[in-house]
Amino acid sequence: MASSEVEGLSLPTDDYETLLSTTDVELLKRAWRNEKAAPEILRFETDLIGRIREQIQLMEETVEEKSAAGIDPLSISLYQMDLDRAQFLLRSYLRVRIQKIEKFVFHIAKTDELWNKLSKEEKNFARRCTEDLKQHLEDSVLSKLPENYQSFQKQSVISEEDDMIPEAQLDTFVVCRSKEYLTGIQLEDGPVDDRSMLFEMEPGVLYFICYKSIKALVESGKIDLL
Amino acid sequence: MRESRSTEFLAVDFEFPTKSPATTEIQRSRFLHSSLRFLLLIFFFRIFLFKFSIAAIDSLHQGQAVPICHPVLIGYFYAHNLLGQFSLSLKLFAKGCFFRNCKMYGRKACQLVKELASGEKGQLTPFNSDLFEQVVAECSQHHLELQSLIRKMQEEGLDVQTTRNAEHHGALIHHLSLVRNKRCLMAYVYNRAEAIQSLLWKIGHVLPQEIEEKLCHAEAEYFKKHSAALKSYMSKVQLDLTVDMVPPKDPYIQVRVLDDIGDGIVLSDDKTANFARHSMHFLKRTDAEQFISRGLMEELTG
């Protein structure tokens, strides 16, 4: 956490960046950025969030001690600022996830793969959310419609699949960057005869690409979204 | 909601052999009466002109000079052409009048959805319960028609799944328009629910009176339940997620109080403050945010 105060130091750049990239705040910042840019919900970073919380707690105690001990207000406000910014990141990360859950709650509850990406408290929240929304839809619309048309998942009893649930649009384009040289990315869109064309990414170069094509790589952490 | 199905349609009932439930007999006979009259008129006029031209041509062949024949013939052909086009367009016009008399399925549901689309995003309009009830009534009517057609097919001993006769097509139309109405109704309710969820984040757990009036009873219930769910999540996580909406630049900000909040308000560091109108304070950002979001304070950025 003290890394944000070492801006004036003249360390060799490689070491400095590796030092930065391993701190928890950097990791949280990366997770937050990915979550904000991705159209669907990503895996919950349980360990990271646990560590961040402990660090924030420690930091709060330190600030209180220092302000009680009467150290000059400038450095206290710097510590306070650091604390605030970390708290903002944490809150925003959780908020973005909750808003995504609210938006696609039926789809997440239905798909196991997405369900496993939620934390325990988020699962409880999602369960309550599905029940509330289902109750609301049934009360206002579905109970008034004729029998075969009362499902909130299917249009009518004749539909073969659940066609009334909104899903996240995985076709949106995102700006991304990779840290290493990646090859073998298959593009999902494009003209049919080009679909088997393999695509490669160079490190540090920004690409604007369809999310579906790089979904697996984002999950494994090789690509960062911006 | 996904409206991507390719079977969008707005059907006009009269093209199919099934009886439309909505067009009354009076309207139907009125159409027949007026259009029949007009068609008969055209028909006789044509016959008259035709006979007259035959007579003229005969007299030409017989060598008699029929001084008015030539221009009359020309005139006849011209008039016939004109009349033909004219009568055709009049026929189409009459059909159009009939269209308006006839009931268009799905129009009311479309109006509901348009109401959603015409407002600003996130702004709620008062819940249009009349139109909603009308669409629901239309749905049950479709269902009755559908059932009666299927019963008719079963009485005739035909296989309901595979036969393709007039009843089947009528039943299909009723089914599709029912499904379309269902989609529109669900879209209306679901989008309003999403707007309510965003209100929770923007305004907080207590809604002001003006917004409460726009919600229907079920929506007010949903808001309460949803805010309870969110509160329980936030208490489990031990963080208040509704503050800190903007990245912080300073831990303390200067604010001016816009409305009288009163005094004795306890802040997060256990100090009490007196928030009289137009007074300026130097507060912790997290404390001031809840007042700023409700519009009771403003941030001084100068």
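**View 1. Burial and accessible surface of chain A in the predicted model.** Of the 226 residues in chain A, 42% count as buried, where buried stands for a relative accessible area under 20%, found with a 1.4 Å probe and protein chains only. The accessible surface of chain A, computed by the Shrake-Rupley method with a 1.4 Å probe, comes to about 12400 Å², and 50% of this belongs to carbon and sulfur atoms. This is a predicted model, in which local features need pLDDT of at least 70 and side-chain atom pairs count only at pLDDT 80 or more, whereas totals for chains, interfaces and linings use all residues. Residues are numbered from 1 along each chain as its sequence is written, chains are lettered from A in the order in which they are written, and side-chain values use heavy atoms, with hydrogens and water left out.

**View 2. Secondary structure of chain A.** Chain A holds 8 helices and 5 strands, taken as DSSP runs (H or I of at least four residues for helices, E of at least two for strands) and numbered from the N terminus. Along the sequence they follow the pattern α-α-α-α-α-α-α-β-β-β-β-α-β.

View 3. In chain A, 3 strands form an open sheet in the order S4-S1-S5 with antiparallel pairing, two strands being paired if DSSP finds at least two bridges between them. Strand S4 (206-210) and strand S5 (223-225) are the edge strands of chain A, each pairing on one side only, and the twist from one strand to the next averages 45°. Strand S1 (residues 173-178) of chain A is joined to S5(A) by 3 bridges, and A:Arg177 has A:Asp224 in S5(A) as its bridge partner. Helix H2 (residues 24-37) of chain A packs on this sheet, touching S1 and S5 of chain A, and its direction makes about 65° with that of S5(A); such angles run from 0 to 180 degrees between N-to-C directions of lines fitted to C-alpha atoms.

**View 4. The interface of chain B and chain A.** Here 50 residues of chain B are in contact with 47 residues of chain A, contact being heavy atoms within 4.5 Å. The two chains bury about 4600 Å² between them, 65% of it on carbon and sulfur atoms, as the accessible area (1.4 Å probe) lost on being put together, summed over both. The rule finds 1 salt bridge across this interface, which requires a side-chain nitrogen of Lys or Arg within 4 Å of a carboxyl oxygen of Asp or Glu. B:Glu133 forms a salt bridge with A:Lys144, with the closest N and O atoms 3.8 Å apart.

Conventions: Buried < 20%, exposed > 50% of the residue type's maximum accessible area, 1.4 Å probe, protein only.
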